[in-house]
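Okay everyone, thanks for coming.

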Amino acid sequence: MAFHFHHHHFYVAVLLLFTILPSSHSQQPTGANSCNGIYVSYAYVQGSQLPPNLTGSDPTHQPYKFESTLTVLNNDQVELKSWKVFVGFQHDEYLVSASNAVLGNGGTGLPAQVGNGTVLVGYPMTDLKTAIETAGDLTQMSVEVSMVGTQFGVALPNIPLPSNISLVNDGWSCPAKPTKGNTTTLQICCIQDPNAKTNVTVSDGFLPRGNGDLTIMYDVIRTYDSSYWAQVTISNHNPLGRLDYWKLSWDWMNDEFIYSMIGAYPSVVDSSECVFGAQGNYYKQLDFSTVLNCQRRPTIIDLPPTMYNDTTLGFKPYCCRNGTILPTGMDPSKSISAFQIQVFKMPPDVNRSELSPPLNWAINGTLNPDYTCSQPVQVSPSQFPASSGVPVNSTAVASWQVVCNITRPKGQSPKCCVSFSAYYNDSVIPCKTCACGCPSNTARTCSATAPAMLLPSNALLVPFDNRTALSTAWAQLKHQPVPNPLPCADNCGVSINWHLYTDYSNGWSARITLFNWGDTSFADWFAAVQLDKATPGFQQMYSFNGSTLALNGVNNTIFMEGNPGLNYLVAEADAANPQKDPRVPGKQQSVISFTKKLTPGISVATGDGFPTKVYFNGEECSIPSTIPSSGNRKGPAAMFLSVLSVVVLMLMWQ
């Protein structure tokens, strides 16, 4: 990703690639000499057992050190831009270090868990030139990545090889499985896919800009020998994507530090690492009291709206919104955040043409989806309207793009949950137990596995900690078992109730209620519900602004946001009499009407009237596994029980 590269000494081992003979029984060229494409090999070098010694008690979890080498060689006629290789690690590997490469999914860098496989991206040598344009110079044609890590359960003489290796650059085709050069080596030859369009723009030699849920541009707009100014632009492209109070972080790779900023600020202002580090020794005349941040991994936050007109920190378009980035469908002007940053460099990069972006980008927000970001890829320089007002564009010195996509890490809990209720049943199916996670030490106080107990509808307004008497009384009235210990809370900051309100021959309606149990208010909130069969019949919402939304070409989602005056979901607050009454959640509510003319055969009460997915501010919420039963329709007895539950609630608050 460096704008200019220094040639590095290349390992002699690469020369041995040309002595590897192709396997006679393989249908693909396997040796470097016989591969007229991109040759990739993975070689296990050595390993040793690590403590603790579990070989007798638990051999599958016995840790072993491994050292291996990944080699990528360009034998094709075209340059390989921003090389990326997938390594299918399969032994719960923990990668500690890797030379000449970084993890493709960014994050916090190494060390990292890679047991499900990982993508390695070239750094600092991102592009592999051809033999034609370098006269066979291997230092420009190929790269060798030396890896050190820990694997589990594979003891010598067995060799812990990955399940697969593959070049994952667009426009290239690799065999489904690599071949074994010997017992310690995997190798593969990838060729250009004749059915794929080239991913390099011939006119400028840059890779095209990528697509993703969120993109970040790092544009160097001014450069000097020892410093440069860059503009960072965050753009949201997902119709359900959103960030609140965003926090952006990255890793400096060459001891750079942040001198000043416009439109954003480091979460920590601290220059001590520079004062007592190499930066202080090199910049002896620099006043470090004015330096903003010297952390290797800084965290950047947006400024509040009150700072927009600040002559020093503000006056930057798309800045100063408290870190809120909305979908383009809500407000295109608020789907972008931008700021500028002045970066000081360190030797040997003190040259105005030596430019490298930071790596391992990560971005997150409050009660928002999780994003996984790529490493920066150099693209054609961005263009900006000239600040002078002249109708021409100014061009960045150099530009890199980071592509981020919404992901849910394995085992991570949602941040919001849904409850179901219906006009024909007086019990509410609440949010799932531990829907948004549970503390690890709940065994003595509550059950993380017991199903959540049915509730009367008025209990939805009561914080979980104040529901115990009400929920147990309701269970007894309904002749339902009372678990011991009681189920744990859902632990969600936001809950949403979907209530099936009416159902007639020609139409039906539902009521959606949003509850905010957290300490943070949400301005410009939005929600979305996926109704697989009912969405075409959507008519209108009465208190929210609602519209249908096609996701991936399927029109099955209703998008909703607050109307003016109702677009603020306040935080939980004290009741009027806090000494007596429980805290009150922030609440917003609207009825939704549907027609059945466009959805013939729909069965509202048996499932078609309940959403299969629900989102709040872009985060997919946990939903119940069942819907209300129609076998318990409301009648006089049910009304009596509802009144009795209110009495229980009032007694509980005495």
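Predicted model: local features only at pLDDT ≥ 70, side-chain atom pairs only at ≥ 80, totals over all residues.

**Strands, rings and charges**

Residues are numbered from 1 along each chain as its sequence is written, and side-chain values use heavy atoms, with hydrogens and water left out.

Back to our strands. E26 (residues 416–422) and E29 (residues 494–503) run parallel, and 7 bridges join them. Two strands pair if DSSP finds at least two bridges between them.

So what is the order of the strands in the open sheet of 7? Reading across, you get E28-E27-E26-E29-E30-E37-E33, and the pairing is mixed. At the edges sit E28 (455–456) and E33 (538–541), each pairing on one side only.

Now pick out E37 (residues 586–595), where you'll find Thr 595. Is Thr 595 buried or exposed? Thr 595 counts as buried, because its relative accessibility is 13%; the cut-offs are under 20% relative accessible area for buried, over 50% for exposed, and partly exposed in between, using a 1.4 Å probe and protein chains only. Leaving aside neighbours within four places in sequence, Thr 595 is in contact (heavy atoms within 4.5 Å) with Asn 506, Gly 507, Gly 537 and Gln 539. The Thr 595 side chain also reaches the backbone nitrogen of Lys 597, at 3.2 Å.

Next, aromatic rings. We describe a pair of them by the distance of the centres and the angle of the planes. The rule here is that rings of Phe, Tyr and Trp (its six-membered ring) pair if their centres lie within 6.5 Å, with planes under 30 degrees apart called stacked, over 60 edge-to-face, and the rest tilted. Searching the whole structure turns up 21 aromatic pairs. One of them is Trp 246 with Phe 339, stacked at 6.1 Å centre to centre with 20 degrees between the planes. That pair links distant parts of the chain, 93 residues apart: Trp 246 is in the loop between E14 (227–236) and E15 (247–251), and Phe 339 is in E19 (residues 336–344). Trp 246 is buried at 1%, and Phe 339 is buried at 0%.

Then there's Phe 257 with Tyr 283, an edge-to-face pair at 5.8 Å and 80 degrees. Phe 257 lies in E16 (residues 257–262) and Tyr 283 in the loop between H4 (278–282) and E18 (299–302), so the pair ties together parts 26 residues apart in sequence.

Last topic: charges. How many salt bridges are there? The count is 14, taking a salt bridge as a side-chain nitrogen of Lys or Arg within 4 Å of a carboxyl oxygen of Asp or Glu. Among them, Arg 296 pairs with Asp 251, the closest N and O atoms being 3.8 Å apart. Arg 296 is partly exposed at 48%, while Asp 251 is buried at 3%. And finally, Glu 79, Lys 81, Asp 127 and Lys 129 are linked in a salt-bridge network.

Methods: Helix = DSSP H or I, 4+ residues; strand = E, 2+ residues; numbered from the N terminus. Polar contact = N/O pair within 3.5 Å; in protein donor to acceptor, adjacent residues only side chain to side chain.
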